[in-house]
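Take a walk through this model, one contact at a time.

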Amino acid sequence: MAPPSARRSGFSKKAQFSVFTGYLLAGIGALMGLGLLLLSLRQPDAFAPLRGVASDAVAPAGQATAAARNGQQSLLSGIAGYFRAGSQNAALREEMELARIRLAEAEAIRAENLRLKALLGLNDKDIKPVVVARLVGSTATSGRRFAYLGAGRLSGVDAGMPVVSDRGVIGRVLETGRNSARVLLLTDSESVLPVRRAKGDVVAFAEGRGDGVLRVRLVNLGINPLKPGDLMVTSGAGGYYRPGVAVAIITKITPDGGIGRLVAEPSATGFVAVEPIYQPEAVAALAGPRTPLDAGAEATAPANTPATAPTPSPSPEPASAPAPAPAPAPSGGRE
């Protein structure tokens with residue numbers, strides 16, 4: 001007889017019954033599952049209460065698991081963020097610096113647009129500019145104050161033409177080349193510009209001092225009517241500049257006028273407009289040879305002498321008449 005460990009399963013009735021029972025239960029479970037599947041397909045809402053009960057039963061466990069998972073993730077994120085804080089700060093600083101650069105560029109573009117719009121406004125005035133060009137540069141350390149313009153004779157620029165910006169007067173053209181010109185700035189020591197106060201009929205001369213400011217000398221000396229903050233504009237005298245263009249703002253009062261700062265600073269000006277001479281005939285007359293007043297009187301004297309000659313002649317005749325009168329008296333005495 002073989003040992004019990006080596007016997008086959010079919011040898012024991014109890015083992016056979018256990019295997020049969022397992023197969024039977026498996027079949028019954030498969031049939032129940034198939035029936036439940038068919039029922040759920042035909043009536044999906046039939047198992048809604050059962051699903052609700054099951055979800056309510058496992059909800060606390062799910063919440064606890066989710067809380068533990070979130071806490072673990074937060075802890076890991078905090079640890080990782082602590083180690084990555086330096087690199088993140090560096091990245092944020094770089095982004096902020098780039099944002100500042102972009103903001104500065106946007107402000108520069110906005111300011112450039114405003115300047116260009118102002119230059120376009122120059123073309124809307126009655127006097128059309130000869131050319132609108134870039135102010136290449138200006139002297140700042142020399143006693144003489146010149147600027148250089150990126151336009152010359154080929155663009156119609158000629159000596160004496162005024163140069164203005166969107167803010168006010170810059171100077172006038174001194175010399176011209178084919179594609180460039182030299183501009184005499186208002187602050188040059190040889191520059192003299194007739195001006196007047198914007199409010200009122202106070203006339204003066206704006207003289208350059210060579211140090212970046214203007215000296216305003218009143219024409220009519222006496223009580224100084226100027227005050228700090230007064231705007232001086234061109235008067236139109238001299239024929240070069242049209243009247244009403246801003247020149248300087250009074251900052252200091254002197255006995256004979258004041259000291260003014262430029263309204264249009266050449267170093268801060270990009271584009272300028274070259275305008276035609278306001279009164280070319282007057283400028284040509286002033287530039288031509290001048291005739292002295294006494295020479296003019298002598299030139300007109302011969303024309304008046306024939307008319308005035310008879311008037312002085314009667315006065316000498318009465319003076320010479322008594323001279324021949326005594327001559328007959330002696331002769332009569334001799335007789």
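A polar atom of the asparagine 224 side chain lies 2.9 Å from the backbone oxygen of threonine 254. That is a polar contact: a pair of N or O atoms within 3.5 Å, where within protein one must be able to donate a hydrogen and the other to accept it, and residues adjacent in sequence count only if both atoms are side-chain atoms. The model is predicted, so local features need pLDDT of at least 70 and side-chain atom pairs pLDDT 80 or more, while totals for chains, interfaces and linings use all residues. Residues are numbered from 1 along each chain as its sequence is written, and side-chain values use heavy atoms, leaving out hydrogens and water.

Stay with asparagine 224. Its side chain also has a polar atom 3.0 Å from the backbone nitrogen of leucine 226. Asparagine 224 sits in the loop between E8 and strand E9 (231-234). Strands here are DSSP runs (E, at least two residues), numbered from the N terminus. Leaving aside residues up to four places away in sequence, asparagine 224 touches Leu218, Ile253, Thr254, Pro255 and Gly257. Contact means heavy atoms within 4.5 Å.

Now turn to the strands. Which strands close into a barrel, and in what order? There are 6, in the order E6-E7-E8-E11-E10-E9, with antiparallel pairing. From one strand to the next, the twist averages 40°. Axes are lines fitted to C-alpha atoms, and angles run from 0 to 180 degrees between N-to-C directions. Two strands pair if DSSP finds at least two bridges between them.

Look at E11 within that order. Strand E8 (residues 213-218) pairs with E11 in the antiparallel sense over 5 bridges. Valine 213 stands opposite arginine 261 of E11. Strand E10 (residues 246-254) runs antiparallel to E11, joined by 6 bridges. Here alanine 248 faces leucine 262, and isoleucine 250 stands opposite glycine 260. A hairpin of 2 residues links E10 to E11.

Is strand E11 (residues 257-262) largely enclosed or open? Of its 6 residues, 5 are buried, so the rest of the structure largely encloses E11. Buried means under 20% relative accessible area (1.4 Å probe, protein chains only).

Finish with two arginines. Arginine 172 lies over the face of tyrosine 240, 5.0 Å from the ring centre. Arginine 182 lies over the face of phenylalanine 146, at 4.3 Å from the ring centre. A charge sits over a ring if NZ of Lys or CZ of Arg is within 6 Å of the ring centre and within 35 degrees of the ring normal.

Notes. Buried < 20%, exposed > 50% of the residue type's maximum accessible area, 1.4 Å probe, protein only. Helix = DSSP H or I, 4+ residues; strand = E, 2+ residues; numbered from the N terminus.
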